[in-house]
Amino acid sequence: MANDQDMSSWTDLLHSSTKLLQQAAPSAQFPPLQRNLDQLEALSKKLKSKTIRNEAPSQSIAATRLLAREGINAEQLARDLKSFELKTTFEDVFPAEATTVEEYLQQVHEMAMVSSVQEAQKDNLRSFNDYMLKVLEEDWQKEKRDCLQSLSQISTLPRTNMIVSGTGATHPGRIVSLASSPQISSGTSSMELVPLANKPILEKKAAVYAEVLKTLNNARERGLPFKPATAFKSAYESLGLDASGGKSVNMQKIWHLIQALTSEVSTLQRSVSKKMSLVLGARHHLESGHGKYIMDTIQSHPAQAALGGVVGNIQKIRAFLRIRLRDYGVLDFDAGDARRQPPVDTTWQQIYFCLRTGYYEEARNVALSSRSSHQFASLLTEWINTGGMVPADIAAVASEECEKMLRMGDRMGRAAYDKKKLLLYAIISGSRKHIDRLLRDLPTLLNTIEDFLWFQLSAVRDCPVGAQSVVMNDGLVPYTLDDLQIYLNKFEPSYYTKNGKDPLVYPYVLLLSIQLLPAVLYLSKEAGDEGYNIDAVHISIVLADHGILSEGVGAGQKTGVMDAFAEASSIVRQYGSLYLRLGNLPMALEYYAQAAAVVGGGQSSWSGRGNVDQQRQRNLMLKQLLTELLLTDGGIYLLLGSRGSGEEGELRRFLTDVKSRQQFLLEAAHQCQEAGLYDRSIEIQKRIGAFSMALDTINKCLSEAICALSRGRLDGESRTAGLINSGNEILETYKYYPDVSPQEREHVLEQQTVLRQLEAILSIHKLVKLGHYIDALREVARLPFLPLDPRTPDIAANVLQNLSPHVQACVPDLLKVALTCLDNVTDSDGSLRALRAKIATFIANNSSRNWPRDLFEKVAQSL
């Protein structure tokens, strides 16, 4: 029935078309056209498309009418849609393996959970920042008050005499409590010592470090083996300071890194350069830390880890992967029947995490056991055996494989663990181009700074002449330590420390990238409640002791080898000078000795095996610092002991040769004289048997004291008595001193004569002061070294040339005193007139000397 209707409609259409064709008369303007059905269909579709375009405005009007009915402004909506832009996010990208609805929903659920957690974290961070801004002013005021109080305690610390154990002598000036200053006290005291547990953090840290330093110095002096990094790390751990805080890097972690850098915990020895040895140490430290992280993760998820009873390295890695890849399905090492459901291939994951944790042998076994990594196994074996220094042909093969994978296109859509293959081949290749491209194209591949630095350190190649001039096969430029340092130094310290919230992250990164000196300098400026500046001092001691400080200057720095050691030595010296200012001379001596050792190159300087320049620098600084101690109260007693020239004191530790000690003490005595410390100079000269020099110093001081006494100084008399007593003591000691040379005996006799001459002049001044003018004039006339006796003929020769300069300095005042006496007595027999004439003649004969003008005026008035 329906077919009959269709046929009738087609028939009617045919008749209508025929009728229209008959009615249409031929026209010259519109010639007849003939078209088949296919052509008519194409023309009709074209006509329909034109009709649709013409109808578009009516559809737009209808849409606007519909939106207005719902209360929506169409124009506003159009403007909003123009500014709306769809952007892809990380969550929008799903792995290609999600081929079922269940897997897709599972991934959507995971992303929703992650997004919720991230949003919650942002909200918490925003709330925390608001709170911190609110209380910032109060905290700053409190910290400022505490800091000022801590600094003010340095000048108010108690001083007391302490007994130093090990030397058998009592040394003055040792301190008991140092409050919040980075000083320590050792030994016992008449005052009650504060228990270590009750001391401030800074004092406790300084105390335990100082004990280790004394042990280190003793071991180096005796040539005994000692591991300073291990000892300082143990001392720090004994304080228990990192029990709380929640920071990602603490000082214990820093000390563990120092221990790894100095190879004190590693028994693996390779013939590599010192710089690459540091790189390997930093890498092993990161691997050890990742091993602890894996165990913590397993212990936090014991059910998912399913570790079982056998706990080997590969079992730990697989247990960790069960937790890490728990949402990806059955893993290959857990698959019982691979025909039921294809398991997840974890070959590259296992190799990567084995290497990341330092399980090199297990990584090689996994590579050999898998078909997908069998080609990689030989490259990995070479990389392990050479410590990362693979030959150029091996690097070229790995680089070519990287090129193949990178040419495959965008890999962001594939599973994250597949990228480990590219990562591992890039490490083997050591190519700067591939490393830079990985960091640029896959910034989320390495989640933490430790993972990032481990990857970089694993790819570093040793190029002593610079990366720009070293090119491997096929034009591959190796990735060097300088490249890593330059990349890290692009960011400010606040980027790493999160604006000071985690202050040790930046020096930790510097140490991991073998920028040792910048790390020490940064820590030395962090003077706070934690005492990081104290840690910096002892870190620099350890690095210098191992002789590696100059290897870690840092890229772009112009500091040379000696400059690096000098910088560290200055830090240690400044720290030791704090003990000196507080009167703790024995501890200052230990740090001063270490400061000299640091500038000398560390451990080798103790035995004299350092280079000539470093050894010279060490000796100069050691003598300079020892002299500084000698100039301090109690320094002579500490260094020289109760008697002798250092045989019973601490000086014998550093200057074992008698002649070198005497030469040093002579130079020190000369510096004491230049500084006006005549008492110490005399004591030092007396200790080394330089009696003539000591007497010369006494005579110089006595001459100055006599001049001061003649000018009315009140302290001149007491000082002169002490000097004469010291001179007599030296002369008495000289009589019983063995091995005195004839030349020294002659010089002593000369100085003894000068001393007696000065005593005679002093006695005249005393008589005048008592008003005994006649007796004073009588003594003036009796002076054997001046031609003033009226009974003797005049001597034209200049007798002053034969006198000591110390005696010559006293003659003008003596003549003025004599003229004053002549003015105050009566001449009964003419002898006084003769004495006056003698004096006038003597002054006239020496008029060319630079004597006081008032002396010439006085003698002119008396004539």
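## Helix α21

Helix α21 (residues 516-524) is mostly covered, with seven of its nine residues buried; buried means under 20% relative accessible area, exposed over 50%, and partly exposed in between (1.4 Å probe, protein chains only). The buried residues of α21 are L516, L517, P518, A519, V520, Y522 and L523. Helices (H or I, at least four residues) and strands (E, at least two) are DSSP runs, numbered from the N terminus.

This is a predicted model, in which local features need pLDDT of at least 70 and side-chain atom pairs count only at pLDDT 80 or more, while totals for chains, interfaces and linings use all residues. Residues are numbered from 1 along each chain as its sequence is written, and side-chain values use heavy atoms, with hydrogens and water left out.

## The chain as a whole

The protein chain has 38 helices and three strands. Of its 863 residues, 43% count as buried. The chain exposes about 46,700 Å², and carbon and sulfur atoms supply 53% of that area. Accessible areas come from the Shrake-Rupley method with a 1.4 Å probe; for residues, only the protein chains shown count as cover.

Contact means heavy atoms within 4.5 Å. Among contacts between residues at least 6 apart in sequence, 62% join residues at least 24 apart.

## Nonpolar cores

A nonpolar core is a set of buried Ala, Val, Leu, Ile, Met, Phe, Trp, Tyr and Cys residues joined through side-chain atoms within 4.5 Å. The largest core holds 154 residues, of which I258, I351 and Y591 touch the most other members. Helix α24 (residues 585-599) gives the most to this core, with 12 residues. A second, separate core has 57 residues, including V740, V817, W851 and V859.

Leaving out residues up to four places away in sequence, Y591 touches Y209, A210, L213, V537, H538, I541, V572, Y575, G576 and Y579.

## Two loop residues with positive phi

Most residues other than glycine have a negative phi. S263 has a positive phi, near 60°, and lies in the loop between α7 (251-261) and α8 (274-300). I514 also has a positive phi, near 60°, and is found in the loop between α20 (505-512) and α21.

Are these residues buried or exposed? S263 is partly exposed, because its relative accessible area is 29%. I514 is buried, because its relative accessible area is 0%.

## A buried lysine

K420 is found in helix α15 (residues 419-429). K420 is buried yet has no salt bridge, which is a side-chain nitrogen of Lys or Arg within 4 Å of a carboxyl oxygen of Asp or Glu. The nearest side chain of opposite charge, D451, is 8.0 Å away; Lys and Arg count as positive and Asp and Glu as negative, and His and the chain ends are not counted. Apart from residues up to four places away in sequence, K420 touches R324, W348, Q349 and Y352.

## A surface patch and a pair of alanines

V101, Y104, L105 and V108 make a nonpolar surface patch of about 370 Å². Patches are made of residues with over 30% relative accessible area and no salt bridge: like charges are joined within 9 Å, nonpolar side chains (Val, Leu, Ile, Met, Phe, Trp, Tyr) within 5 Å. Y104 is found in helix α4 (residues 101-152) and counts as partly exposed because its relative accessibility is 40%.

A840 is found in helix α37 (residues 831-845) and counts as buried because its relative accessibility is 15%. The C-alpha atoms of A840 and A860 are separated by 8.2 Å, with the two residues 20 residues apart along the chain.
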